[in-house]
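Take a look at the chain below before reading on. The report then walks through its main features.

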Amino acid sequence: MNNLWKSMYRLRVHSRNQTLAYGKVFSASQSTSTQPASSAGDTGATAPPAKEKIIIPTRIERGPTDILMALSATVGFDPTAPHYKYHDDPYLIPTSNANKKTYALAQEAGRKAAHWIRQENAKLFRHMEADPPVQAFVPTMVYNEESQVETTDLQQLIDSVEVKDAILVYNLLKKNGIEVGDELKQQLLELLCFYNHEDTLPEQFIEERWFRQGTVGRERQRKTWKDFELAEELFHGLESKRSEHYCAMIRGMSRFFQVEKAWALYQETVEKGIELDTNTFNSLLHIASFLKESYDKRWDLVCEVMTTMKQQGLRPNLGTLNGILQTVTTIGGYNHPRTYALKTLAEFKQLGIEPSLASWYYMLVIFCRERGPVSHVLHDIMNEIEGKEFTIQDPKDTFFFVTAMDVCRNHLHDKELAKRVNQLLHQGENYNLIGDSYKESIYYRHYFALLATTEPLDSFLETYHLLVPNVYIPEPSVMEDILRSVEMNTAIEHVPLLWSHMVQFDHTGRENLVNLLLHIMVTNQPSADEPKHAELVQRFANIAWDMWNRMEERAAAPRATTTTGMPGPMLGDVLLLCARAGDYEKATAVFTKLSKEQNSIVGEPRIDGLREFVNLCVANRTPSVALQCLQYCSENGYPESVDIGRHIFNSFTLDQTQVSKIRSLVGAEAVKPKQNAAGSE
């Protein structure tokens with residue numbers, strides 16, 4: 001990859017040099033060719049040559065992936081292709097959610113290992129990778145307690161967001177008596193407040209960010225601000241505290257939920273007459289719900305903060321709108337939150353401030369509550385934003401699409417509205433606002449579950465084949481909805497495909513899914529008269545046999561939670577499907593499992609499978625196996641045992657020993673010979 005970037009860079013430099021050279025030649029030729037020719041009355045004086053001004057366009061800054069994005073735009077979306085981060089190889093493409101995460105993080109772990117090796121062996125990597133040098137290829141500076149540092153080192157660490165090293169270097173400067181300027185202290189204070197004295201994950205590790213944000217976002221909001229650390233030491237050590245110092249501290253404490261100290265600092269600024277900026281007031285609005293317990297006092301606090309902003313002559317912005325709406329979401333009841341939200345939107349509309357997706361997310365939370373009345377506010381929102389393209393303006397912008405799809409499924413049960421939301425998601429670059437991997441998975445879970453229960457099966461399967469498995473892999477709950485839709489529509493021709501997907505998605509260990517699929521195959525026996533169902537009997541038997549083998553292997557694993565494999569009812573269904581297909585060998589293996597381990601198998605098989613197995617024994621002329629099945633039925637107390645014994649007696653030519661065994665198992669009624677039409681034997 002490094003060679004690719006170097007080649008592209010050299011090509012760009014070469015083309016730029018060629019352009020400059022061409023400009024010089026063009027200028028010279030223009031100068032000679034634009035000289036006016038001598039006229040007939042010319043006295044010999046020549047006019048000065050006309051000067052042409054060459055304008056070289058400004059070089060356009062390009063990102064590291066701009067060329068790849070341009071190439072991707074020429075291809076368009078290909079649902080049959082995996083994500084570009086996976087190798088386009090059928091043996092290497094992950095086909096389950098767990099494998100996707102493992103694969104992507106494993107690749108990133110390799111990159112992190114390479115960074116670590118380069119950092120630990122910096123003396124071996126002093127050669128120039130590129131000209132001019134790329135800073136990302138250069139090992140970072142290592143600081144310790146004996147390092148000789150200057151203020152320029154601290155400035156460089158702040159610019160590169162190296163928080164831990166910046167703290168160490170500042171302490172070294174303080175220890176060595178080197179004075180740090182007020183401006184540099186302010187930059188360090190802002191760095192510490194924003195990152196709470198912790199190093200952030202480097203931007204190049206995008207996969208770890210993608211998968212980590214889903215878990216971080218679900219954590220309960222709690223105080224994580226580090227009290228009595230360097231940030232507070234810097235702040236309290238200032239002789240004259242200005243507005244920017246208070247702003248940094250209040251924002252940092254609000255960001256990490258040290259709400260008491262943040263509010264105390266705000267009260268201090270009010271008493272001293274120190275003016276704050278708009279974003280600092282916005283941070284206070286975001287923590288209003290933590291400062292006041294009752295709902296009325298929260299709204300009063302919002303009004304108080306907004307009044308102070310007005311007195312200081314500050315103009316609200318989008319962050320102010322979203323801060324107010326976030327506080328309104330914490331106010332209970334139905335009427336008051338809606339009134340406050342609509343009033344806020346109206347006032348900000350008069351100010352010319354357009355809501356972002358985060359604003360509409362808060363409106364959905366306020367209006368579409370789980371135990372509240374049904375609200376159709378999402379229709380109004382979609383009428384307002386449909387067809388537009390959005391960019392990230394607020395961190396909560398990424399919550400809109402997943403919440404909107406949740407409302408479509410659980411609140412409104414409206415598939416048409418869900419399709420409109422999905423179309424908006426794929427409008428332009430809006431998909432960048434889907435959020436993290438967790439939100440993306442939840443979004444498609446709601447979308448698929450809604451379509452599976454409301455759409456015609458054929459129409460739903462078009463969407464299914466478009467997005468599965470490269471964009472989305474159904475969770476077990478969604479797969480259950482799909483299987484129930486197949487069962488309701490008697491679309492058993494899709495069962496083999498769905499089972500193959502269940503194998504790919506690692507759903508074969510879900511007993512409820514396996515049991516449901518067995519139930520569909522057992523209760524919907526393929527008709528031999530229909531051509532499309534002609535091969536399904538055998539394919540169903542193969543699926544059932546595969547299920548049995550997989551559960552047996554799982555039960556035999558060293559860390560298995562159970563050692564019995566399939567329960568009795570499921571084994572009976574497997575026996576029935578194998579017997580229907582006429583596969584005597586497989587059916588006998590399943591029955592042997594039932595017979596030998598009946599004391600450890602949980603539950604009893606249904607009689608249908610045992611009766612079908614006896615019919616298979618009759619077809620294969622194996623009376624001894626049929627008698628074993630009769631004995632199993634008799635020992636387990638099946639009421640149908642007499643009928644099965646009579647069927648065996650009438651279907652085989654048995655010797656006296658076998659007849660005696662039937663009589664001893666089910667009684668003499670089963671071994672009476674058939675009577676003719678006249679009633680005589």
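**Ground rules**

This is a predicted model: local features need pLDDT of at least 70, side-chain atom pairs count only at pLDDT 80 or more, and totals for chains, interfaces and linings use all residues. Residues are numbered from 1 along each chain as its sequence is written, and side-chain values use heavy atoms, with hydrogens and water left out.

**The whole chain**

The protein chain has 31 helices and zero strands. Both kinds of element are DSSP runs, numbered from the N terminus: helices are H or I with at least four residues, strands are E with at least two. Of the 681 residues, 41% count as buried. Buried means under 20% relative accessible area, exposed means over 50%, and partly exposed is in between (1.4 Å probe, protein chains only).

The chain exposes about 38,200 Å². Carbon and sulfur atoms supply 52% of that area. Accessible areas come from the Shrake-Rupley method with a 1.4 Å probe, and for residues only the protein chains shown count as cover.

Now take contacts, meaning heavy atoms within 4.5 Å. Among contacts with a separation of 6 or more, 70% are between residues 24 or more positions apart.

**An enclosed helix**

**A pair of helices**

Two packed helices are described by the angle between their axes and the distance between the axes. The axes of α21 and α22 come within 11 Å and cross at roughly 145 degrees. Axes here are lines fitted to C-alpha atoms, for helices over the stretch in contact, and angles run from 0 to 180 degrees between N-to-C directions. α21 passes α22 in a left-handed crossing. Left-handed means that the near helix is turned anticlockwise from the far one by less than a right angle; right-handed means clockwise.

Which residues of α21 meet α22? They are L457, F460 and Y464, and they meet M479, I482, S485 and V486. An α-helix has 3.6 residues a turn, so residues three or four places apart point the same way.

The loop between α21 (457–467) and α22 (476–488) holds P469. The peptide bond from V468 to P469 is cis, with omega near 5 degrees.

**Salt bridges**

A salt bridge is a side-chain nitrogen of Lys or Arg within 4 Å of a carboxyl oxygen of Asp or Glu. By this rule there are 26 salt bridges. Three of them are set out here.

| Pair | N to O distance |
|---|---|
| E207 and K85 | 3.0 Å |
| K261 and D227 | 3.2 Å |
| E597 and K593 | 2.8 Å |

E207 and K85 form a salt bridge. This pair links distant parts of the chain: E207 is in helix α7, K85 is in the loop between α2 (66–75) and α3, and they are 122 residues apart. Both E207 and K85 are buried.

K261 forms a salt bridge with D227. K261 lies in helix α10 (residues 259–272) and D227 in the loop between α7 and α8 (230–236), so the pair ties together parts that are 34 residues apart in sequence. K261 is partly exposed at 25% relative accessible area, and D227 is partly exposed at 23%.

E597 forms a salt bridge with K593. E597 is partly exposed, at 31%, whereas K593 is buried, at 10%. Elsewhere, salt bridges that share partners join K223, D227, E232 and K261 into one network.

**Positive phi in two loops**

Most residues other than glycine have a negative phi, and most peptide bonds are trans. H197 has a positive phi, near 65 degrees. H197 sits in the loop between α6 (182–195) and α7 (206–217), and is buried at 3% relative accessible area.

D506 also has a positive phi, of about 60 degrees. D506 lies in the loop between α23 (495–504) and α24 (511–523). Is D506 buried or partly exposed? At 48% relative accessibility, D506 counts as partly exposed.

**A surface patch**

W116, I117, L124 and F125 form a nonpolar patch on the surface, with about 430 Å² of accessible area together. Patches are made of residues with over 30% relative accessible area and no salt bridge: like charges are joined within 9 Å, nonpolar side chains (Val, Leu, Ile, Met, Phe, Trp, Tyr) within 5 Å. F125 is in the loop between α3 (97–120) and α4 (151–159), and counts as partly exposed at 32%.
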